[in-house]
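Trainee: I am new to this entry. Please show it to me, and then let us go through it together.

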Amino acid sequence: MVGILSIDFDYFIDASSGERDRYFPPGNDGIPVDKLELMWKERYLRYPELREIGLIKDYVIVKNYLRLLNIKRDNFYKSDSHKEIRKLIDRIPWNEDLRIVNIDFHHDYYHYFTAGEYYNCGNWLRRVVEERPNVSIKWIRREDSQTLSLEGEFPFEHTSDIQAIYEESFDYLFICRSPEWSPPHLSNKYEELAAVFTTKTA
């Protein structure tokens, strides 16, 4: 069994689902950097309180956990978009059983396409399940994360207890920023999270 820990930084944002809908720009995967920058600037101007949003305590828990994680440096991936996890998964032989633990505000088991892309940040998990039937999933979500997909309730194990990561073992680590759903004033915290692992294994 090959274990993959997937972490989307948007999980740690201390904002409810309703606050995200109100304050964050109507984002999707692949917005050009300059356009996204303008979208966030407009949001900060319209909602000055956006700058007061911080991170939940789970950030520290996961940060400390990464210090203990014993995986090869070559098996660590960092990206802006969650769709880039495909590059990691494609390295693993097709006959291997996979165990993916996804720490994420969203379940990423959606159906939608972005600009005709078959594989994007919102459907990557669905694509993995379609292509690799020998995969097991655990989603670590927030209390108010949306758990519905087109077929109904998210069909795999899920929990809002971050302590569930201690029950697992991992061979790969993937971390993404998701800039469409993570306020720019918190970007340094994303870099700090990734640096814990890169510094530890250097």
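**The cavity and the pocket**

Mentor: The lining of the largest cavity divides into 3 nonpolar, no polar and 4 charged residues. Nonpolar means Ala, Val, Leu, Ile, Met, Phe, Trp, Tyr, Cys and Pro, charged means Asp, Glu, Lys and Arg, and the others, including Gly, are polar. This is a predicted model, in which local features need pLDDT of at least 70 and side-chain atom pairs pLDDT 80 or more, while totals for chains, interfaces and linings use all residues. Residues are numbered from 1 along each chain as its sequence is written, and side-chain values use heavy atoms, without hydrogens and water.

Trainee: Which residues line the largest cavity?

Mentor: The lining consists of Arg86, Ile89, Asp90, Trp94, Val128, Glu131 and Arg132. Helix H4 (85–89) and helix H5 (124–131) are the elements that each give two or more residues to this lining. Helices (H or I, at least four residues) and strands (E, at least two) are DSSP runs numbered from the N terminus.

Trainee: What volume does the largest cavity have?

Mentor: Its volume is about 30 Å³, and the count of cavities of 30 Å³ or more is 1. On a 1 Å grid over protein atoms alone, a cavity is a set of points where a 1.4 Å probe fits but cannot get out; a pocket is an open set with protein on both sides within 12 Å along at least five of seven lines, and lining residues have an atom within 4 Å of a point. Points join across faces, edges and corners, and volume is the space filled by probe spheres set on them.

Trainee: And the second largest pocket: how many residues line it?

Mentor: There are 19, and Val33, Leu36, Glu37, Trp40 and Pro179 lie nearest the centre of that pocket. The pocket has a volume of about 350 Å³. Helix H2 (residues 33–46) supplies the largest share of its lining, 6 residues. By class, the lining has 7 nonpolar, 4 polar and 8 charged residues.

Trainee: Changing topic, where is arginine 51?

Mentor: Arginine 51 sits in the loop between H2 and H3. Leaving out residues up to four places away in sequence, it touches Tyr44 and His185, with contact meaning heavy atoms within 4.5 Å. From valine 128, one of the cavity-lining residues, arginine 51 is 77 residues away in sequence and 36 Å away in space, C-alpha to C-alpha.

Trainee: What is the strand order in the sheet?

Mentor: The open sheet of 6 strands runs E2-E8-E1-E3-E4-E7, with parallel pairing; pairing requires at least two DSSP bridges between two strands. Strand E2 (76–79) and strand E7 (157–159) are the edges, each pairing on one side only.

Trainee: How many bridges join E3 and E4?

Mentor: Strand E3 (residues 98–103) and strand E4 (residues 135–140) pair over 6 bridges in the parallel sense. Arginine 99 stands opposite serine 136 in E4.

Trainee: Where is confidence highest, and where lowest?

Mentor: It is highest in E3, at a mean of 98, and lowest in strand E5 (residues 148–149), at 80. The chain's average pLDDT, the predictor's confidence in each residue from 0 to 100, is 91, and 94% of the residues score at least 70.
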